[in-house]
Amino acid sequence: MIDSILLVDDEDLFHLVFEDACSLLDITLSLQSLTSSDEAERLFKKWFREGPAEERPECVFVDLNIIGSSFDGIELIRKINFEYGNHVVIGIISSSNESEEQAKAINAGAQFWIIKSDDIEPRLIEFRKDYDGYKNRTAPFKIYK
Amino acid sequence: MIKLDKKTKDQLIDLYKTKKVALEGNILKLIDPDGDVELESYLKETTEKDKDTRRKRLEVTRKVQSQNNDLIKWKEENEKIQLELKESLEQTENSMKEMEFLKEEAEKARLEAERLKEEADNARLEAENARLEAENAKKVAENDLELMQKKTQFELIGTIVKVALWVILGVGGVTTGMYLIALSTGLDTTVIGSTWSNIIGILLTNAFSIVGTIMGVKYASEKKD
């Protein structure tokens with residue numbers, strides 16, 4: 001089970017879907033959801049400078065296009081990886097499947113790409129199986145379709 | 001994991017049995033039954049109930065999400081149609097403006113054609129007038145020519161008459177002179193006398209003939225004019 005997860009997605013309804021799916025699949029006990037990449041950056045900045053390490057999430061799921069934010073999910077991943085410490089498992093969860101964007105995400109340090117759809121559970125089950133590899137930094141970048 | 005004391009366990013189980021109020025969410029996964037069969041059963045039942053609730057909520061959320069997506073698609077399609085309608089309206093307006101412009105141009109062309117027709121009619125009338133004037137000028141010229149010809153003819157006739165009269169007068173005078181000389185000198189006048197009378201007769205006849213011809217010609221010319 002993943003210790004704690006942070007979801008950054010502008011769609012509130014998906015927060016509920018993701019929370020219920022994680023609970024039903026026993027993926028995590030601690031899930032925090034945010035709707036803005038600016039808010040996520042602010043939290044990571046705080047955790048990086050002064051916050052206790054245990055407050056930081058173990059895994060971060062970031063939407064590609066976060067409406068209402070100053071920057072997109074790939075930029076957020078880059079900031080978390082290169083500006084605020086590279087200690088979390090991080091990747092994209094998006095309905096997009098564009099290879100160009102995926103290449104950008106890899107460059108920013110994303111470890112996985114989950115295609116968002118109505119039936120998210122099978123992808124989360126598969127992701128959970130690969131999770132230890134991501135945590136140990138041994139698993140390659142993978143797209144969950 | 002959390003371990004509960006007996007009093008708390010009993011309260012939780014009693015609350016569930018009497019009021020059907022139970023713990024919910026991930027906290028259930030963190031409680032250790034610690035071998036208590038009743039608590040284990042409570043946790044199993046409430047966890048199952050919590051999962052059912054989450055499943056139902058997940059289904060409802062999915063449906064709402066799907067409807068939301070459909071609404072977004074419809075909105076996009078609607079916006080697209082609105083845009084197309086707007087473009088069509090603009091095109092229609094442009095076409096109408098173009099039609100108005102073409103109508104104005106056609107009206108201008110019609111007026112111009114009418115103006116040109118009027119000019120052509122005026123030109124035709126002017127040409128007709130010019131033709132009539134030319135015909136009149138031709139007639140005047142012909143009349144002038146005829147007058148000149150008549151004048152020339154009269155002059156010629158006048159000259160002929162003058163010459164003929166002079167010839168008559170000359171011949172008459174010479175014959176008369178010769179006859180008078182013969183009479184005065186006592187010469188034989190038989191031949192000259194008959195000659196003089198013949199000549200005078202011929203000359204008078206011719207003179208009257210000439211005068212008659214001239215009068216006839218003059219009369220005919222005046223009648224013709």
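The crossing of α3(A) and α4(A) is right-handed. The model in which this crossing occurs is predicted. Helix α3 covers residues 73–82 of chain A and helix α4 covers residues 99–108 of chain A; the axes of the two are 8 Å apart and the packing angle is about 15°. Because angles under 35 degrees count as roughly parallel, α3(A) is classed as roughly parallel to α4(A). On the α3(A) side, the contact is made by Ile74(A), Ile77(A), Arg78(A) and Asn81(A), and on the α4(A) side by Lys104(A), Ala105(A) and Ala108(A). By class, the residues of this helix contact comprise 4 nonpolar, 1 polar and 2 charged.

Chain A also contains an open sheet of 6 strands, with parallel pairing and the order β2-β1-β3-β4-β5-β6. The edge positions are taken by β2 and β6 (142–144) of chain A; each has a single partner strand, so one side of each has no neighbour in the sheet. From one strand to the next, the twist averages 20°.

Strand β1 (residues 5–8) of chain A is covered on both faces. Ile5(A) and Leu7(A) lie on one side, Leu6(A) and Val8(A) lie on the other, and all are buried. In general, side chains in a regular strand alternate between the two faces of the sheet. Strand β1(A) runs parallel to strand β2 (residues 31–34) of chain A, and 4 bridges join the two. Within this pair, Leu31(A) of β2(A) is the residue opposite Ile5(A). The second pairing, between strand β3 (residues 59–62) and strand β4 (residues 89–94) of chain A, is likewise parallel and extends over 4 bridges. Here Val60(A) faces Ile90(A) of β4(A).

For chain B, the secondary structure consists of 3 helices and 2 strands, which follow the pattern β-α-β-α-α along the sequence. Chain B has 225 residues, of which 4% count as buried.

The contact between the chains takes 10 residues from chain A and 14 residues from chain B. The chain A side that touches chain B has 7 nonpolar residues, together with 1 polar and 2 charged residues.

Key: Residues are numbered from 1 along each chain as its sequence is written. Chains are lettered from A and ligands numbered from 1 in the order in which they are written. This is a predicted model: local features need pLDDT of at least 70, side-chain atom pairs count only at pLDDT 80 or more; totals for chains, interfaces and linings use all residues. Two residues are in contact if their C-beta atoms, placed from the backbone, lie within 7 Å. Ala, Val, Leu, Ile, Met, Phe, Trp, Tyr, Cys and Pro count as nonpolar, Asp, Glu, Lys and Arg as charged, and the others, Gly among them, as polar. Axes are lines fitted to C-alpha atoms, for helices over the stretch in contact, and angles run from 0 to 180 degrees between N-to-C directions. Angles under 35 degrees count as roughly parallel, over 145 as roughly antiparallel, 65 to 115 as roughly perpendicular and the rest as oblique. A crossing is left-handed if the near helix is turned anticlockwise from the far one by less than a right angle, and right-handed if clockwise. A residue is buried if 20 or more other C-beta atoms lie within 10 Å of its own, exposed if 12 or fewer, and partly exposed in between; C-beta atoms are placed from the backbone. Two strands pair if DSSP finds at least two bridges between them.
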